[in-house]
Amino acid sequence: MAAYQLVAFDLYGTLLDIATLAGKLSAVLGRDATPLLGPWRKAQLERTWELNRMGTYEPFDRVTAWALARVAPDLDEAMRARLAAAWLTLPAYPDAAAALATLRAAGARTAILSNGTRAMIESALAAANLPIDVVRSVDEVGVYKPDPRAYAMLDDMAPAAATLFVSSNGWDAEGAKRNGRTVAWIDRGGPAPGIDPDHRVRSLAELAGIV
């Protein structure tokens, strides 16, 4: 019997490996895209936080395109569109499929709570062959994580006490924890949450021991 009825995952960087984008982008660019990826991701996230502060909203595909134009203004529009399309087919971490199967076998429902648009999420999940019970996008509330309204969508799926939120992004884990959620942070070497999560693991495989 699972300890949690629902295990809700962040998508980018948690189930899907953003670092692998470098290879995809390099193939499109014809040169090493590793120096581009970090600034692009940083600008992407910072744009979502800026929009939250401004009290306005733009879908994540537009944010992603804006961020790329910001850090790579030398690229033409067609090239930027090809690079942005790589977000639709990000591969999963090697242990993601097995972890999801283990959770389901234990009786837990799985969900995605992501900044991505529904189309982006569903495309990426299909490409990565990851079965998820429920997909929720912040498009539904028009505000990005870590705004409390984003995490409140979890309440539509299961009681808070029976829900575990999982993210490898420290800012995301912290946002969920500040919102009163039970949180598992996957420590992959990135910045840690500003407040302690309920669980700290180093891989998706370790979640089985929690759930």
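1. A charge sits over a ring if NZ of Lys or CZ of Arg is within 6 Å of the ring centre and within 35 degrees of the ring normal. Here, the charged end of Arg188 sits over the ring of Tyr93, 3.6 Å from its centre. Arg47 does likewise with Trp66, its charged end lying 4.6 Å from the ring centre.

2. A quick word on what you're looking at: this is a predicted model, where local features need pLDDT of at least 70 and side-chain atom pairs count only at pLDDT 80 or more, while totals for chains, interfaces and linings use all residues. Residues are numbered from 1 along each chain as its sequence is written, and side-chain values use heavy atoms, leaving out hydrogens and water.

3. Now for the aromatic pairs (rings of Phe, Tyr and Trp, using its six-membered ring, with centres within 6.5 Å; planes under 30 degrees apart are stacked, over 60 edge-to-face, the rest tilted). The whole structure has seven of them. Tyr12 and Phe60 make a stacked one, 5.8 Å centre to centre with 25° between the planes. They come from distant parts of the chain, 48 residues apart.

4. Is Tyr12 buried or exposed? Tyr12 counts as buried because its relative accessibility is 3% (buried means under 20% relative accessible area, exposed over 50%, partly exposed in between, with a 1.4 Å probe and protein chains only).

5. Tyr151 and Phe165 form an edge-to-face pair, 5.7 Å centre to centre and 80° between the planes. Tyr151 has a relative accessible area of 0%, so Tyr151 is buried.

Definitions and conventions
Helix = DSSP H or I, 4+ residues; strand = E, 2+ residues; numbered from the N terminus.
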